[in-house]
Amino acid sequence: MGPGQARALQTLAPRWVLPFAPQPLDAAAVFGRQAPLVVEIGFGMGDATAAIAQAHPQNDYLGLEVHPPGVGALLQKIEGAGLSNLRIVMHDAVEVLDAMIAPGSLAGVNVFFPDPWHKARHHKRRLIQPPFVARLASRLAPGGVLHCATDWQPYAEQMREVLEAEPLLRNTVEGWAEPGTRRPQTKFERRGLRLGHGVWDLVYARR
């Protein structure tokens with residue numbers, strides 16, 4: 001962790017990081033307004049998270065991440081850009097969804113470039129699995145959107161199989177969504193594209 005990230009964790013976390021609590025989040029009280037709430041799971045260093053929050057001030061955003069350097073980096077971006085519509089929870093996403101996010105309360109969920117766990121014996125560790133997707137779908141309001149993206153085609157194909165099998169979700173397009181239409185490119189993504197990697201986006205809505 002860089003010194004700037006460590007300093008951000010120490011000085012900015014009390015303002016922008018919400019403690020995990022075993023009770024539903026009162027988003028209106030946290031953000032001081034009634035607005036659509038979007039959750040991002042595993043935001044990495046927070047580049048896309050901050051850019052999306054800045055581009056869509058009409059929405060409120062909650063980022064879930066357990067990696068301290070990433071949290072520190074996003075805190076720096078929040079403070080630097082003056083983002084009042086973004087908060088963070090440093091805790092396991094499954095526990096946050098179960099305890100803090102009420103069913104049918106989210107306008108959207110973003111899962112961008114989760115670890116693909118390339119080796120076959122590690123596939124069970126992949127985030128996008130049927131029980132987790134069912135949990136995500138249950139937290140979306142009708143019409144709410146689940147947006148996933150990956151640069152690993154086998155994982156993309158597995159994601160699509162899982163999402164197609166979830167009865168609460170429907171694909172918003174025929175096949176793959178156009179990359180970059182609903183999110184900014186990340187540094188990670190741009191590097192992959194330079195290396196010739198593909199990118200696959202899936203955008204599904206709650207029925």
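Which strands does helix α3 lie across? In this predicted model, where local features need pLDDT of at least 70, side-chain atom pairs count only at pLDDT 80 or more, and totals for chains, interfaces and linings use all residues, the residues are numbered from 1 along each chain as its sequence is written. Side-chain values use heavy atoms, with hydrogens and water left out.

Helix α3 (residues 47-55) lies across β1 (37-41), β2, β3 and β4 (106-112), and runs at about 145° to β3. Axes here are lines fitted to C-alpha atoms, for helices over the stretch in contact, with angles from 0 to 180 degrees between N-to-C directions; contact means heavy atoms within 4.5 Å. Helices (H or I, at least four residues) and strands (E, at least two) are DSSP runs, numbered from the N terminus.

Now for the sheet itself. It is open and mixed, with seven strands in the order β3-β2-β1-β4-β5-β7-β6; two strands pair if DSSP finds at least two bridges between them. β3 (86-89) and β6 (169-171) each have a single partner strand, so one side of each is left without a neighbour in the sheet. Strand β2 (residues 60-64) pairs with β3 in the parallel sense over four bridges, and leucine 64 has valine 89 in β3 as its bridge partner.

Then there is helix α5 (residues 93-100), where Ala93, Val96, Leu97 and Met100 are buried (under 20% relative accessible area, 1.4 Å probe, protein chains only). What covers these buried residues includes β1, β2, β3 and α6 (130-139).

Terms used: Buried means under 20% relative accessible area, exposed over 50%, partly exposed in between (1.4 Å probe, protein chains only).
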